[in-house]
Amino acid sequence: MIRLDNVTKSYLTLRGRKVVFRNFSLDIPEGRNIGLIGRNGAGKSTLMRLISAVDMPDSGKITTSARLSWPVGLTGGLQKNLTGRDNVKFVCRVQGVRRAGMQEKMQFVQEFAEIGDYFDQPVSTYSSGMRARLAFGLSMAFDFDYYLIDEVMSVGDANFKQKSREVFGERLQKSKVILVSHSMRRIRRMCDVVVHLDAGRATVYEDVLEGIKAYQAAGGVEGLAEQDADAQDVAGQGAAEQEMAAASAPAPVSDAEAAEKEAAEARAAARARRRKRAARRRARAEQLKAGGGQ
């Protein structure tokens with residue numbers, strides 16, 4: 001069971017506070033593969049972050065009896081000052097894994113990520129691809145009832161993607177997914193239920209095709225024809241879990257990421273204004289000093 005009761009979530013942006021959800025409620029059907037669809041900005045990524053506890057609501061309650069992954073491959077959760085090994089240790093402690101279990105997880109991630117000696121170097125020294133490999137390996141190292149997938153599932157070269165498909169296929173034998181995607185082909189193949197987000201509201205469709213029709217009627221996929229979004233899938237994968245794992249199209253910018261970017265820009269602008277004021281004060285002080293000496 002995954003339930004959201006009267007949840008409100010907002011972000012502070014350059015233009016003020018942006019409300020993504022206000023008094024939002026949703027019961028996600030249990031034991032089903034869920035397709036989460038909606039136009040860009042509808043709140044899909046924000047909802048994923050909320051139910052995985054990566055982000056917290058302003059108000060309201062989120063309850064679940066299931067073990068939920070963080071969004072698979074999320075690199076933002078890595079501590080950059082820690083080594084790859086220490087990041088794995090940290091996640092193990094959070095997940096309640098100790099001693100022999102921790103050693104097993106570290107070995108799995110180290111072998112899976114294939115980043116060599118960098119595993120014992122600070123994550124701040126990693127390339128973006130190395131961070132993604134480490135994050136994906138961490139996601140696959142733990143068993144969850146639901147894996148949360150926000151568009152991108154795997155990274156790296158063909159061999160690494162193949163390995164990712166195989167490992168994720170094993171996980172899907174006993175787990176379910178909550179999938180965000182703009183590819184309706186992938187939604188049809190992977191999901192039993194569709195949750196359509198639009199204008200701050202969620203509608204659950206037991207009939208996947210009906211949910212897709214509602215999404216298309218609301219204006220999705222904007223900027224792309226459906227066949228263009230579907231073309232991001234690798235043809236001929238056959239198995240549904242392989243097709244999902246092979247997806248490597250860039251994910252849309254999430255609401256949280258957009259808000260964080262705007263907040264960073266606002267902080268940078270504020271620092272620039274403070275520097276200008278300080279420069280003007282120094283200039284006035286120098287002028288007064290020069291005038292007093294004449």
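This is a predicted model: local features need pLDDT of at least 70, side-chain atom pairs count only at pLDDT 80 or more; totals for chains, interfaces and linings use all residues.

Reader: How is a pair of aromatic rings described?

Author: A pair of aromatic rings is described by two values, the distance of the centres and the angle of the planes. In this structure, a search of the whole model finds 10 aromatic pairs. One of them joins Trp70 and Phe144, with 5.4 Å centre to centre and 80° between the planes, an edge-to-face pair.

Reader: Where in the chain do Trp70 and Phe144 lie?

Author: Trp70 is in strand 5 (residues 68–71), and Phe144 is in the loop between helix 4 (128–140) and strand 6 (146–150). The two residues are 74 residues apart, and their pair links distant parts of the chain.

Reader: Is Trp70 buried or exposed? And is Phe144 buried or exposed?

Author: Buried means under 20% relative accessible area. Trp70 has 17%, so it is buried. Phe144 has 4% relative accessibility and therefore counts as buried too.

Reader: Why is the pair of Tyr147 and Phe168 called edge-to-face?

Author: Planes over 60 degrees apart count as edge-to-face. The planes of Tyr147 and Phe168 are at 75°, with the ring centres 5.9 Å apart, so this pair is edge-to-face. Tyr147 lies in strand 6 and Phe168 in helix 5 (residues 158–171), so the pair ties together parts that are 21 residues apart in sequence. Tyr147 is buried at 0% relative accessibility, and Phe168 is buried with a relative accessible area of 0%.

Reader: Which residues form the aromatic cluster?

Author: Trp70, Phe142, Phe144, Tyr147 and Phe168 form one aromatic cluster.

Reader: Which charged residues lie over a ring, Arg133 and Lys163 included, and over which rings?

Author: Arg133 lies over the face of Phe160, at 4.2 Å from the ring centre. The charged end of Lys163 sits over the ring of Phe112, 4.9 Å from its centre.

Reader: What is Arg171 in contact with?

Author: Arg171 lies in helix 5. Its relative accessibility is 11%, so Arg171 counts as buried. Leaving aside neighbours within four places in sequence, Arg171 is in contact with Phe108, Met140, Phe142, Asp143 and Tyr147. A polar atom of the Arg171 side chain lies 2.5 Å from the backbone oxygen of Met140. Two of these contacts, Phe142 and Tyr147, also belong to the aromatic cluster.

Reader: Now to empty space. What shows where it is left?

Author: A probe the size of a water molecule is rolled over the atoms, and this shows where empty space is left. A cavity is space where the probe fits but cannot get out, whereas a pocket is open. The count here comes to one cavity of 30 Å³ or more.

Reader: Which residues line the largest cavity?

Author: The lining is made of Ile28, Ile34, Leu36, Leu47, Ile51, Ile178 and Val195. Strand 3 (34–38) and helix 1 (44–51) each supply at least two residues of that lining. The largest cavity holds about 30 Å³ of space.

Reader: What is the volume of the second largest pocket?

Author: The second largest pocket has a volume of about 400 Å³. It is lined by 18 residues, of which Val54, Trp70, Gly77, Phe90 and Val91 are the closest to its centre. Strand 5, helix 2 (84–94) and helix 4 are the elements that give two or more residues to this lining. Helix 2 provides the largest share, four residues.

Terms used: Residues are numbered from 1 along each chain as its sequence is written. Side-chain values use heavy atoms; hydrogens and water are left out. Rings of Phe, Tyr and Trp (its six-membered ring) pair if their centres lie within 6.5 Å; planes under 30 degrees apart count as stacked, over 60 as edge-to-face and the rest as tilted. Buried means under 20% relative accessible area, exposed over 50%, partly exposed in between (1.4 Å probe, protein chains only). A charge sits over a ring if NZ of Lys or CZ of Arg is within 6 Å of the ring centre and within 35 degrees of the ring normal. A polar contact is a pair of N or O atoms within 3.5 Å; within protein, one must be able to donate a hydrogen and the other to accept it, and residues adjacent in sequence count only if both atoms are side-chain atoms. Contact means heavy atoms within 4.5 Å. On a 1 Å grid over the protein atoms alone, a cavity is a set of points where a 1.4 Å probe fits but cannot get out, and a pocket is an open set with protein on both sides within 12 Å along at least five of seven lines; lining residues have an atom within 4 Å of a point. Grid points are joined across faces, edges and corners, and a volume is the space filled by probe spheres set on the points.
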